[in-house]
Amino acid sequence: MSDEDQKSPQPGRPRVADRVVRHRSWVVAATLVVVIVLFSLIAGRARTRGRPPVVQFGVQVRPPSASGLVYTNGWLVSGGAEQVAVYAGSEASNRADGLLLIVQVSAHRHRSARVVIRGSGAVTLLRPASPATVTAALHAQLRFITAAGATGILDVGDGRTAFIH
């Protein structure tokens, strides 16, 4: 810049050099804000990327063949190598007892649980809302109805049942 630019042409008016520096600092600040917002958006999308799980409900969800279950219906949630399934019905050896089978399969784990509901008769699952992820399905609470007409809730995570009054 020349000496003329360094001098303020009028008293009380900022020099050209001061105006350029002030303008540059606003541009830098605005650029930083834009970069931070973009990184936040990209990071948020990276966490939510992927397809929602596949959810099946009803009689087409077939239970394991050697389950000892007289089948009524089922619920299955799968995504990638993970799967959670609940099969409902009654025990083959005693049809007066309801039976819920919970099966969790992943790449490194296979877990199953049998939940017997004594004296209830066959159990039928009621259609639940679709979970957003397979992990959410592991903590779902499924409603069911017994042959006797009682309504209950199954906690998929711990296999506990409770009747609704």
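The count of salt bridges comes to 4, where a salt bridge is a side-chain nitrogen of Lys or Arg within 4 Å of a carboxyl oxygen of Asp or Glu. E91, D97, R114 and R118 are linked in a network of such bridges. The model is predicted, so local features need pLDDT of at least 70 and side-chain atom pairs count only at pLDDT 80 or more, while totals for chains, interfaces and linings use all residues. Residues are numbered from 1 along each chain as its sequence is written, and side-chain values use heavy atoms, with hydrogens and water left out.

**Salt-bridge network**

- Side chains of opposite charge can pair when their charged atoms come close.
- R114 and E91 meet through their side chains in a salt bridge, at 3.0 Å from N to O.
- This pair links distant parts of the chain, since R114 is in strand β5 and E91 is in strand β3 (residues 82–91), 23 residues apart.
- Strands (E, at least two residues) and helices (H or I, at least four) are DSSP runs, numbered from the N terminus.
- E91 also forms a salt bridge with R118, and the closest N and O atoms there are 3.9 Å apart.
- D97 is in the loop between β3 and β4 (98–106), and R118 is in the loop between β5 and β6, 21 residues apart.

**Exposure of the network residues**

- Buried means under 20% relative accessible area, exposed means over 50%, and partly exposed is in between (1.4 Å probe, protein chains only).
- E91 is buried, with a relative accessible area of 11%, and D97 is buried at 7%.
- R114 counts as partly exposed at 45%, whereas R118 is exposed at 62%.

- Strands of a sheet pair through backbone hydrogen bonds, either parallel or antiparallel.
- Two strands count as paired if DSSP finds at least two bridges between them.
- β1 and strand β2 (residues 69–79) run antiparallel and are joined by 5 bridges.
- G58 stands opposite G74 in β2.

**The sheet of 4 strands**

- An open sheet of 4 strands has the order β6-β7-β8-β9, with antiparallel pairing.
- Its edges are β6 (123–125) and β9 (160–164), each with a single partner strand, so one side of each is left without a neighbour in the sheet.
- Neighbouring strands of this sheet are turned by 35° against each other on average, direction ignored.
- Strand β7 (residues 141–146) and strand β8 (residues 151–155) run antiparallel, joined by 5 bridges.
- I145 has T151 in β8 as its bridge partner.

Key:
Axes are lines fitted to C-alpha atoms, for helices over the stretch in contact, and angles run from 0 to 180 degrees between N-to-C directions.
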